[in-house]
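Dear colleague,

Please find the structure below, handed over for your study.

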Amino acid sequence: MTTLTSDNAHNPVADGEKVLGPNDNAYQDPTHRAPLVVGKHNFTTITETVTDLNLRKTPRAWYIAFAISNCLLLMFLYCIYELITKGVGVWGNNNPVAWGFPIVNFVFWVGIGHAGTLISAILFLFRQNWRTSINRFAEAMTIFAVCCAGAFPALHVGRPWLAYWLFPIPNQMGMWPQFRSPLLWDVFAVNTYATVSLLFWYVGMIPDLATLRDRCKNKIGQFLYGLFSLGWTGSSRHWHRYEKAYLLLAALATPLVLSVHSVVSFDFATSQLPGWHTTIFPPYFVAGAVFGGFAMVVTLAVPARQWFGLKDFITMRHLENMNKIILATGMIVSYAYITEFFTAWYSGHHFEQFVFLNRPFGPYSWAFFTMVFCNVCAPQLFWFKKCRTSIPVMMFVAMCVNVGMWFERFVIVTTSLHRDFLPSSWDMFVPTKIDIMMFIGSFGLFFTLFLLFCRFLPMVAMAEVKNVTPQAHAHHDHDEHHEGGQH
Amino acid sequence: MVLGMPTKKPDAPSKVVALIAEFDSVDAILAAAEKVRDAGYTKWDTHSPFPVHGIDDAMGIKPTILPWLVLGGGITGLLGGLGLAWYANVFEYPFLTSGKPEFSLPANIPVIFETTVLLSAFGAVFGMLGLNRLPWHYNPLFKKKSFSRVTNDRFVVVIEAADPIFDTQRTTDLLNSLSPICVEEVED
């Protein structure tokens with residue numbers, strides 16, 4: 001069987017034109033497309049590398065990580081218990097800053113999800129085949145991030161056992177939700193997003209679950225993988241409809257992902273509050289979401305490829321591509337920050353100008369400058385190829401962006417609310433212990449779900465990766481594409 | 001199981017539901033599919049670990065009606081969302097808020113958009129599963145050793161006994177002429 005790097009005559013690495021590592025596919029040679037997967041892989045080794053992660057004995061490190069994230073999850077559940085038994089007074093939310101941490105956390109988490117859908121849907125439509133190695137776990141990240149996001153507004157309603165009031169369900173009070181309110185739009189947007197993302201993820205996973213079903217040796221595994229693979233046989237007639245369904249889902253998820261953070265931004269933009277009431281919010285929020293989401297994908301991908309031995313699949317080129325997207329969206333976000341200040345100045349509006357002076361020079365200036373450093377300054381390192389392909393640098397920038405994007409939402413929510421039109425109603429927002437524990441605890445929920453995913457579900461979309469290898473292309477009529485895996 | 005030749009079971013020939021031939025490359029499966037198509041079979045299929053480029057032409061698969069189901073889902077979602085907003089805020093529970101009209105299209109577009117996308121996605125997923133007759137809880141093919149690697153690295157051709165021109169001997173000869181790794185009978 002041929003391997004992905006078999007065509008050495010056209011491989012600049014093998015030719016010694018570039019002195020790079022043996023598995024380096026991040027070279028810039030416009031005459032040769034870089035391979036998507038490095039190392040000597042064929043269909044069999046792709047299957048074995050990916051399924052062994054699920055079928056081997058559970059490593060001890062997994063138990064340790066799982067125990068830590070479970071502790072954080074327990075802390076999250078304890079905070080919810082405190083909240084429900086004592087009331088929303090356990091939070092630092094006060095009268096001017098009624099939204100506080102819960103909404104900051106909600107926007108933070110829902111934004112992170114966007115990178116997963118961008119990778120799975122938008123890059124699919126643009127035929128960016130490098131997505132195949134990272135789409136599965138980026139989509140998983142989306143779903144788990146949306147789970148964390150959904151918890152916060154549901155708890156923020158104060159009486160979460162009445163959260164079903166948000167939905168248009170016939171009830172004994174004869175009341176219906178108000179469809180003219182952006183908060184209701186948000187309910188529809190986030191729930192649709194969660195549902196469609198879950199379907200997209202699951203449909204993509206059916207063939208790989210069938211692979212696990214056929215390779216699993218233990219009875220429980222065979223039963224469960226068999227149940228969820230729905231009797232998939234890899235029939236070409238099935239694949240035909242499956243590929244059409246996948247394409248249509250990608251086409252539907254693309255406008256959906258753009259709409260979700262736009263609708264989230266309507267929660268702010270349709271209010272009358274200076275600092276929120278602005279038309280730039282929808283594109284600004286979407287760019288910020290993709291920015292923050294990709295930072296989270298890099299944060300997860302770097303350790304995952306190390307610990308799970310997936311360096312052949314998640315290559316340096318994948319990481320570099322993601323870093324380029326971080327740089328591009330980071331520049332859009334920076335531009336949006338500047339535009340906000342310009343608009344405030346140019347509007348000649350007294351209150352608007354005050355809010356934007358209050359951000360860098362008011363009591364929350366430390367949060368503002370943290371945000372500027374993390375979101376505007378740190379990504380500038382990615383102009384340099386050395387930085388884009390250096391693991392420590394990209395982890396540093398990704399962590400900065402994770403922090404910075406949380407602070408962006410904190411700045412938007414808190415600084416706009418804490419000093420509104422009347423100085424007599426001004427107040428400072430100070431988070432309580434429960435606020436902070438709840439935010440950290442939500443990472444427990446996220447990582448618990450993510451670790452379960454890593455242990456039991458295929459982390460790399462095997463069928464899709466096989467599809468972009470050279471062996472997947474017929475040779476008799478595609479000789480010139482023999483370098484394959486490079487489309 | 002005998003490589004190259006099917007095991008003969010003269011006492012129970014009626015139980016054979018299909019013949020299965022195993023291949024190990026994309027080229028082989030494409031060539032085999034063309035031959036089986038040209039031989040005039042209709043109830044047959046190929047199975048592969050990933051969608052093979054060009055297999056639709058090689059097998060003569062017609063385009064699926066799935067996009068129409070998605071369109072149907074989308075239109076249902078659009079009208080459903082519109083109807084839900086109107087029913088809730090105009091018909092069943094009208095109330096005045098911020099001097100806004102009871103019904104205006106711009107204010108309802110986000111919800112209508114979301115319901116349209118949601119039901120289109122349901123159309124795509126459940127339509128695909130329905131057309132593929134999934135979930136399928138029992139399939140005699142899974143009993144076969146040569147079928148167990150079809151989700152890994154092998155490709156198979158399956159010709160059903162229910163095909164009008166199926167004949168155990170002649171179909172076996174056809175499959176053997178395609179130089180497979182092995183040909184097997186599938187009993188139910």
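Some conventions come first. This is a predicted model, in which local features need pLDDT of at least 70 and side-chain atom pairs count only at pLDDT 80 or more, while totals for chains, interfaces and linings use all residues. Residues are numbered from 1 along each chain as its sequence is written, chains are lettered from A and ligands numbered from 1 in the order in which they are written, and side-chain values use heavy atoms, with hydrogens and water left out.

The sheet of chain B

Helices (H or I, at least four residues) and strands (E, at least two) are DSSP runs, numbered from the N terminus. In chain B, 4 strands form an open sheet in the order E2-E3-E1-E4, with antiparallel pairing; two strands pair if DSSP finds at least two bridges between them. Strand E2 (44-47) and strand E4 (182-187) of chain B each have a single partner strand and stand at the edges, so one side of each is left without a neighbour in the sheet. From one strand to the next, the twist averages 20°, where axes are lines fitted to C-alpha atoms (for helices over the stretch in contact) and angles run from 0 to 180 degrees between N-to-C directions. In general, strands of a sheet pair through backbone hydrogen bonds, either parallel or antiparallel.

Strand E1 (residues 16-23) of chain B pairs with E4(B) over 6 bridges in the antiparallel sense, and B:Ile20 stands opposite B:Glu184 in E4(B). E2(B) and E3(B) also run antiparallel, joined by 4 bridges, with B:Trp44 opposite B:Ile159 in E3(B). From E2(B), B:Trp44 and B:Thr46 point one way and B:Asp45 and B:His47 the other way, and all are buried. Here buried means under 20% relative accessible area, exposed over 50%, and partly exposed in between (1.4 Å probe, protein chains only).

Most residues other than glycine have a negative phi, and most peptide bonds are trans. B:Arg133, which follows H4(B), has a positive phi, near 55°, and is exposed, with a relative accessible area of 60%. The peptide bond from B:Leu134 to B:Pro135 is cis, with omega near 0°. B:Pro135 is found in the loop between helix H4 (105-131) and strand E3 (155-160) of chain B.

Chain A

A:Arg127 is not a glycine, yet it has a positive phi of about 60°. A:Arg127 is found in the loop between helix H4 (100-125) and helix H5 (135-156) of chain A, and at 55% relative accessibility it counts as exposed.

Helix H8 (residues 236-269) of chain A has 34 residues and reaches 49 Å from its first C-alpha to its last, close to the 50 Å expected at 1.5 Å a residue; the expected span is 1.5 Å times one less than the number of residues. H8(A) is mostly covered, as 25 of its 34 residues are buried.

Finally, A:Asn402 is found in helix H14 (residues 391-418) of chain A and, at 10% relative accessibility, counts as buried.

Yours sincerely
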